[in-house]
Amino acid sequence: MASRWWRWLRGCSWRPAARSPGPGCPGLAGPRGPQAAADAHAQVHRWKGLDLSQIPYINLVKHLTSACPNVYSISRFHHTTPDSKTHSGEKYTDPFKLGWRDLKGLYEDIRKELLISTSELKEMSEYYFDGKGKAFRPIIVALMARACNIHHNNSRHVQASQRTIALIAEMIHTASLVHDDVIDDASSRRGKHTVNKIWGEKKAVLAGDLILSAASIALARIGNTTVISILTQVIEDLVRGEFLQLGSKENENERFAHYLEKTFKKTASLIANSCKAVSVLGCPDPVVHEIAYQYGKNVGIAFQLIDDVLDFTSCSDQMGKPTSADLKLGLATGPVLFACQQFPEMNAMIMRRFSLPGDVDRARQYVLQSDGVQQTTYLAQQYCHEAIREISKLRPSPERDALIQLSEIVLTRDK
């Protein structure tokens, strides 16, 4: 499967327009073009639910890129919806504003969950709950809760237990950041010093553990065993994802599958399972549960793919953390793996985890000279397209449309 997936990506990879795109297919060309087309047409392979063997190559490319004909314009790659109105008649254009209706006092409520008597431990645990994060995960969870409730019985209220899932998602995410910074020996996060740099690694690990324990207590209070099982899977996935990141694969086909599995476990699992949890609390239909899970999974993977792109294209001030950080940690992300197809000499650097002097700078230059950034962005578009396809199965509502709009924001963000 991994081998066929990688060959298909190579066959369908798009190129900047300056590289003589093939006829009738904007952005597709390059020296591999004709042979890649023949290879792709001959393959019997399913991807994203499409039977690619039944679609002529040129039509396949048009199908996958129909809404993004200009490779330099990511925005508006999917269908748009008119300005929606909430049940009160108020227009909205910002999905974050719509989702925040149910999240007022989010960080204050999280701090209440962290019932800590020791002043230093309290300060460490509350350090990132300062309201300066994107709150991307709680927003998605709140919107998904309303979208599922409306789909089930036209209820326009978020249950207290569903809102608690949004808090838990942010707590698990924050705890994972604290632990990641220890593993990576990171010095900055969200534009300020990390917990481990201020208080030391040992205390940072304990602070992350404390946040996870508080999240677990909040989860237990919900009292739904199915939901508890769903969200405890996230903790397992985070650990397994970190172990995957510590390893690497020699075979290039296995390497990309390894990267996508790591991406799901470290980033997308939390979003997918949190969305599924609120759907379980609001609707008894397993079909809706799967829709919520698949939306979260696909948006989550796309989010991380774009994060990996921004590591090469954004400056440190925008990101709030150093750029090229992944290369410095020895990690080969999507842009690197795609660039390796054009510059095979990168294989040796990947296997030694960019450990020799000059490896990081050379690898960065190879990525910027290649189509790695564009290829990774294109792949993120496909995941967002799939997320939109899934969420569009729910009954129309302002919240459903906001989730569609969030998919575009994932692609166009710059930090």
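Tutor: Leucine 246 counts as exposed because its relative accessible area is 53%; the classes are buried for under 20%, exposed for over 50% and partly exposed in between, with a 1.4 Å probe and protein chains only. Leucine 246 belongs to helix H11, where helices (H or I, at least four residues) and strands (E, at least two) are DSSP runs numbered from the N terminus. The model is a predicted one, in which local features need pLDDT of at least 70 and side-chain atom pairs count only at pLDDT 80 or more, while totals for chains, interfaces and linings use all residues. Residue numbers start from 1 along each chain as its sequence is written, and side-chain values use heavy atoms, leaving out hydrogens and water.

Leucine 246 is one of the members of a nonpolar surface patch, together with Ile183, Ile235, Val239 and Phe243. A patch is built from residues with over 30% relative accessible area and no salt bridge, with nonpolar side chains (Val, Leu, Ile, Met, Phe, Trp, Tyr) joined within 5 Å and like charges within 9 Å. The accessible area of the patch is about 480 Å² in total, by the Shrake-Rupley method with a 1.4 Å probe, where for residues only the protein chains shown count as cover. Helix H11, residues 225–246, supplies the largest share of the patch, four residues.

Glutamate 242 forms a salt bridge with lysine 266, their closest N and O atoms being 3.0 Å apart; a salt bridge is a side-chain nitrogen of Lys or Arg within 4 Å of a carboxyl oxygen of Asp or Glu.

Lysine 266 has another partner, aspartate 180, with the closest N and O atoms 3.5 Å apart. Aspartate 180 lies in helix H8 (residues 160–184), so the bridge to lysine 266 in H12 ties together parts that are 86 residues apart in sequence. Lysine 266 counts as buried because its relative accessibility is 18%, and aspartate 180 does so at 15%. The whole structure has 21 salt bridges.

Helix H12 spans residues 252–282 and includes histidine 258. This histidine is buried because its relative accessible area is 14%. Histidine 258 touches Leu244, Gly247, Ser248 and Lys249, leaving aside residues up to four places away in sequence; contact means heavy atoms within 4.5 Å.

The largest nonpolar core has 96 residues, a core being a set of buried Ala, Val, Leu, Ile, Met, Phe, Trp, Tyr and Cys residues joined through side-chain atoms within 4.5 Å. Isoleucine 168 is among the residues that touch the most other members of this core. Helix H13 (residues 286–313) gives the most to the core, with 14 residues. Apart from its neighbours within four places in sequence, isoleucine 168 is in contact with Ala215, Ala218, Leu219, Ile222 and Leu231. There is also a second, separate core of nine residues, including Val182 and Trp199.

Last comes confidence. The protein averages a pLDDT of 81, and 76% of the residues score at least 70; pLDDT is the predictor's confidence in each residue, from 0 to 100. Helix H19 (residues 372–391) has the highest confidence, at a mean of 98, and helix H3 (residues 57–65) the lowest, at 32. The pLDDT is below 50 over residues 1–91, a stretch with 157 contacts in the model beyond near neighbours in sequence.
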